[in-house]
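Dear colleague,

Please find below the structure I am handing over to you. My findings follow directly after it.

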Amino acid sequence: VSLFERNSIIYELLSDGLRRYKSKGPNAQRVLGRMRLEKRDFLKCDDLKASHEVVYLDPMFPITKKSSLSKKPMHYLQKILEEETDEFEMISLARQIATKRIVVKRGIQSPPLAGQDADITYRGSSSRFDVYLL
């Protein structure tokens, strides 16, 4: 599993979480042995090959029209991640490298990524997973 994070703060938080998980024992170490976290932007990964069965995208927080603020921890995270993501470029690159499907995590009320309707949608109470079959 390759994990990409472009934001330095979120990258350090993820790295810390993975280090903490590693201390949970041999099973955790085996799981982490199959994961690789990289501090780089998925959209700038020119070296990715079309050999990944699944590409999972979590573009985090699309701009919403709601006026109320999120709870404090989520509000802080949203402030850190205010930068815009080019959704069209993201789904286009995912389509180039995925061989079976693309899974996109979205807020329950968020529009589909880049306005492209999913083939399958799994809904939860606050988020959903849109699946694009290839």
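Arginine 106 has arginine 128 in E6 as its bridge partner. In this predicted model, arginine 128 in E6 also stands opposite arginine 123.

The strands concerned belong to an open sheet of four strands, in the order E3-E4-E6-E5 and with mixed pairing. Strand E3 (52-57) and strand E5 (120-123) are at the edges with a single partner strand each, so one side of either strand has no neighbour in the sheet. From one strand to the next, the twist averages 15°.

The pairings, taken in the order of the sheet, are as follows:

- E3 and strand E4 (residues 98-107) are parallel and are paired over five bridges. Histidine 52 is located opposite alanine 98 in E4.
- E4 and E6 run antiparallel and are joined by seven bridges.
- E5 and E6 are likewise antiparallel, with four bridges between them. A hairpin of three residues connects E5 to E6.

I would also draw your attention to the surroundings of the sheet. Helix H4 (residues 87-97) lies across E3, E4 and strand E6 (127-133). The helix runs at about 150° to E4.

Is E6 mostly covered or mostly open? Strand E6 is mostly covered, as five of its seven residues are buried.

With kind regards

Definitions and conventions
Residues are numbered from 1 along each chain as its sequence is written. This is a predicted model: local features need pLDDT of at least 70, side-chain atom pairs count only at pLDDT 80 or more; totals for chains, interfaces and linings use all residues. Side-chain values use heavy atoms; hydrogens and water are left out. Two strands pair if DSSP finds at least two bridges between them. Helices (H or I, at least four residues) and strands (E, at least two) are DSSP runs, numbered from the N terminus. Axes are lines fitted to C-alpha atoms, for helices over the stretch in contact, and angles run from 0 to 180 degrees between N-to-C directions. Contact means heavy atoms within 4.5 Å. Buried means under 20% relative accessible area, exposed over 50%, partly exposed in between (1.4 Å probe, protein chains only).
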